[in-house]
Amino acid sequence: MAEKAKKLSFLTVISTVICVVFVCEAAAPAAAIGNQQFFWWIFLIITFLLPYGMVVAELGTTYDGEGGIYDWVRKGLGDKWGARISFYYWVNYPLWIASLATMFPDILGMVFGITFDLPQRSPSSSRSSGSSTSSAAARSPTPSGS
């Protein structure tokens with residue numbers, strides 16, 4: 001029996017991109033904007049998501065391979081550019097993961113009120129070892145009025 005070809009529909013592409021863009025790290029800034037966010041979401045859908053969705057849907061139905069962007073660029077521009085685009089894509093990926101790991105504790109704090117405090121070093125422990133009386137005198141306030 002012949003296997004039915006998979007098709008990437010326009011609605012699937014648009015909804016996937018919206019889900020990728022509107023992740024939990026974008027929820028708090030979008031909510032902080034207030035009602036202006038609706039204008040910007042409509043603006044971004046018209047100017048970015050619709051053209052992007054049309055391009056990806058067209059490329060997804062034109063090429064039969066399962067390599068995605070690598071197949072598209074390799075078949076259109078050759079092996080050298082296919083290798084470059086896959087390299088650029090995978091160089092970007094670890095940076096994105098690192099940014100998520102950096103922002104995740106702050107997002108948990110904003111959403112659930114959980115804080116991840118790191119132990120703070122006291123300012124005196126980072127100073128070079130000098131006489132203890134001079135550092136104690138530098139830290140103690142001078143009495144006013146006498």
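Let me begin with the packing of helix 1 (residues 10-21) against helix 3: their axes lie 9 Å apart, at an angle of about 125°. That angle makes helix 1 oblique to helix 3, where angles under 35 degrees count as roughly parallel, over 145 as roughly antiparallel, 65 to 115 as roughly perpendicular and the rest as oblique. The crossing of the two helices is right-handed. Axes here are lines fitted to C-alpha atoms, over the stretch in contact, and angles run from 0 to 180 degrees between N-to-C directions.

This is a predicted model, in which local features need pLDDT of at least 70 and side-chain atom pairs count only at pLDDT 80 or more, while totals for chains, interfaces and linings use all residues. Residues are numbered from 1 along each chain as its sequence is written, and side-chain values use heavy atoms, with hydrogens and water left out.

I turn now to helix 3 itself. Spanning residues 36-62, helix 3 has 27 residues and reaches 38 Å from its first C-alpha to its last, close to the 39 Å expected at 1.5 Å a residue. A kink of about 45° is centred on Ile45. Among the buried residues of helix 3 are Leu49, Gly53 and Val56; buried means under 20% relative accessible area, exposed over 50%, and partly exposed in between, with a 1.4 Å probe and protein chains only.

Finally, the structure holds one salt bridge, defined as a side-chain nitrogen of Lys or Arg within 4 Å of a carboxyl oxygen of Asp or Glu. Asp71 pairs with Arg74, their closest N and O atoms being 3.4 Å apart. The two residues are three apart in helix 4 (residues 69-77), and so are separated by about one helical turn. Asp71 is buried, at 10% relative accessible area, whereas Arg74 is partly exposed, at 28%.

How values were computed:
Helices (H or I, at least four residues) and strands (E, at least two) are DSSP runs, numbered from the N terminus. The expected span of a helix is 1.5 Å times one less than its number of residues. The bend at a residue is the angle between axes fitted to the seven residues ending there and the seven starting there. A crossing is left-handed if the near helix is turned anticlockwise from the far one by less than a right angle, and right-handed if clockwise.
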